[in-house]
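Trainee: I have this structure open and would like to know what the labels on it rest on. Can we take them one by one?

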Amino acid sequence: MTTQTPAPAAQAGLSERYQPLIGGRFASPTTETFAAINPATGAHLADITRGSQADITDAVAAAKSAFPGWAATPVEQRSAMLVELARVIDANIDRLALIDALDIGRRVSETTIDHARAADQYRFFAAAAVTHAGWNRSIAGGIAIAKREPIGVVGQIIPWNVPAIMAAFKMAPALAAGNTVVLKPDENASLSTLELGKYISEIFPPGVVNIVPGLGEEAGAALTAHPDVQKLAFTGSTEVGRLIAHAGADRLVPVSLELGGKSPNIVFPDVTDVDAIVDNAAFAVAHCNGQSCLAGTRLFVHDDIYDTFMPKLVAGFERIVVGSPLDPTTVVSCLVSSEQGERVLDYIDIGKKEGADLLAGGDRIDVPGNEFGHFVRPALFATENSARIAQEEIFGPVLSVIRWNDYDTMIAEANGIRYGLAAGLYTNDIANAMKTADALEAGSVWINGYFNMIDGSPFGGYKDSGFGSEYCAETLNMYTHLKSVTLLNEPVAPFFLP
Ligand code: NAD
């Protein structure tokens with residue numbers, strides 16, 4: 001007797017049709033759907049309701065009616081539910097990670113880390129909310145206090161690259177602070193968020209979390225324009241972020257934005273462990289298949305070390321295994337869609353036409369059984385900071401190496417970009433490291449280890465990378481009003497009337 005291994009989609013236990021989560025139920029007046037397609041194989045994974053204005057109206061109404069009860073729920077109980085959600089994610093991590101690998105084409109080992117980090121976020125904000133304090137000061141005959149109050153219904157919109165982390169970055173602080181949520185996942189990556197919705201519906205009261213999949217210009221625009229949404233939180237491109245900021249301005253509601261990036265990664269000449277830095281540089285640009293807002297896409301290598309460093313970097317790029325998202329030996333897998341794949345290949349072409357020196361990769365390859373997918377070998381260019389490939393966010397595995405020798409010029413070039421999300425630097429000189437961290441216009445600076453995000457350390461952008469900090473206790477401030485209350489022990493003596 002032979003036992004057959006189930007097909008990955010069956011292993012993932014996907015439903016045939018996904019509906020929005022509204023008021024604790026998966027239902028929708030909308031009949032139109034869009035398809036979730038495996039970007040590697042082209043296989044149809046599921047149909048998803050194309051959330052409409054009516055769905056957003058229902059979801060916001062459900063969130064609005066759930067808000068008073070949720071805001072009044074003791075923070076310890078809210079926290080317990082977040083901890084339970086984290087436990088359920090951990091218990092189902094293999095399935096959730098497989099769903100993301102099938103849905104967005106990233107390798108399973110990475111999507112597993114995404115869900116583990118997401119679980120950590122729910123636990124982090126469960127703890128942070130309990131100690132989230134207002135302010136107080138004794139005054140003559142009384143006390144002045146400031147109380148933190150949840151804002152109300154929060155509208156949240158996320159991109160496709162790391163859906164588990166994006167959903168957690170948005171929902172964990174909002175819920176911990178006592179808000180109710182309407183979340184719109186990206187049309188390229190809705191499945192794991194809707195699966196998470198199944199767990200959420202068993203843990204949280206109805207209406208506290210509502211998830212409406214759909215297109216940006218339909219469900220997304222309807223959510224940002226809805227008069228009962230009291231705060232908007234968005235992660236995605238700078239162009240759409242600007243639309244969200246306008247929508248917030250029109251209704252005078254607070255907006256937080258996590259947008260694009262084109263981060264510098266700087267190698268100083270005093271480094272000793274060149275192999276480790278080569279590894280960091282490759283990881284910085286090629287993790288997530290390069291589809292990461294904080295990718296280190298501009299590598300500044302000092303003249304004195306350039307000739308030692310570059311052959312190792314080229315050899316490192318040549319060793320990167322490009323393969324199926326389900327193959328455990330894969331390092332870089334498939335881009336999220338044909339559209340994204342063509343965009344990345346177009347930029348590689350632009351780089352060549354601009355005269356940049358292509359030192360490794362940059363070609364599309366066929367991966368057996370996955371011929372539909374755009375598998376692109378990470379491209380390594382030597383170029384100038386002014387080149388288009390060095391200035392524009394490509395959102396794919398394309399690295400621009402820029403040779404430098406003058407510190408001030410290098411810093412001016414590192415900052416000479418519209419974005420300011422992250423930066424990396426490598427040196428053994430702590431004074432130089434701290435001076436350079438101060439000089440960089442970036443929300444996060446990682447010294448001697450790229451992408452070293454620590455739970456509790458703020459994550460947010462400068463310049464066109466947005467505003468507001470996530471990932472840290474201060475995020476709870478973005479999801480609360482600060483109300484000032486002044487108490488006197490007894491009424492003041494008459495003092496005004498003549
Ligand atoms: P995108 O801006 O096209 O889409 C993001 C989300 O916005 C999606 O859910 C989409 O449906 C929605 N949307 C699109 N048009 C809309 C509209 N008119 N109104 C309301 N919602 C709308 O971004 P993308 O291409 O999916 O994602 C890649 C971008 O996201 C990159 O620029 C990347 O740097 C950025 N990103 C930033 C961070 C961060 O934390 N800073 C993290 C991940 C991704």
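Mentor: Start with the two domains. This is a predicted model. The C-alpha centres of domain 1 and domain 2 lie 31 Å apart.

Trainee: Which residues belong to each domain?

Mentor: The domain assignment gives 9-259 + 465-483 to domain 1 and 264-447 to domain 2.

Trainee: How many residues does each domain bring to the contact?

Mentor: Domain 1 brings 25 residues and domain 2 brings 28 residues. Together the domains bury about 1,900 Å² between them. Carbon and sulfur atoms carry 57% of that area.

Trainee: What supplies the area on the domain 1 side?

Mentor: Arg107, Trp160 and Ser465 supply 29% of what domain 1 buries against domain 2.

Trainee: What makes Arg418 and Glu239 a salt bridge?

Mentor: Their side chains meet at 3.2 Å, N to O. The cut-off is within 4 Å, so the pair qualifies. Side chains of opposite charge can pair when their charged atoms come close. The rule finds one salt bridge across the interface of domain 1 and domain 2. The whole structure has 24 salt bridges.

Trainee: How do you know that Glu32 and Arg50 form one too?

Mentor: Same test. Their N to O distance is 3.5 Å. That is within 4 Å, so the name applies.

Trainee: Where in the chain do Glu32 and Arg50 sit?

Mentor: Glu32 is in the loop between β3 and β4, and Arg50 is in the loop between β5 and α2. The two are 18 residues apart, and the pair links distant parts of the chain.

Trainee: At what angle do α3 and α6 pack?

Mentor: Helix α3 (residues 75-91) and helix α6 (residues 163-176) pack at about 155°, with axes 9 Å apart.

Trainee: Which residues make the contact?

Mentor: Val75, Arg78 and Leu82 from α3 meet Ala172, Leu175 and Ala176 from α6. By class, five are nonpolar, none polar and one charged.

Terms used:
Residues are numbered from 1 along each chain as its sequence is written. This is a predicted model: local features need pLDDT of at least 70, side-chain atom pairs count only at pLDDT 80 or more; totals for chains, interfaces and linings use all residues. Side-chain values use heavy atoms; hydrogens and water are left out. Axes are lines fitted to C-alpha atoms, for helices over the stretch in contact, and angles run from 0 to 180 degrees between N-to-C directions. Helices (H or I, at least four residues) and strands (E, at least two) are DSSP runs, numbered from the N terminus. Contact means heavy atoms within 4.5 Å. Ala, Val, Leu, Ile, Met, Phe, Trp, Tyr, Cys and Pro count as nonpolar, Asp, Glu, Lys and Arg as charged, and the others, Gly among them, as polar. Domain bounds come from an automatic or database domain assignment. Buried area is the accessible area (1.4 Å probe) that two parts lose on being put together, summed over both.
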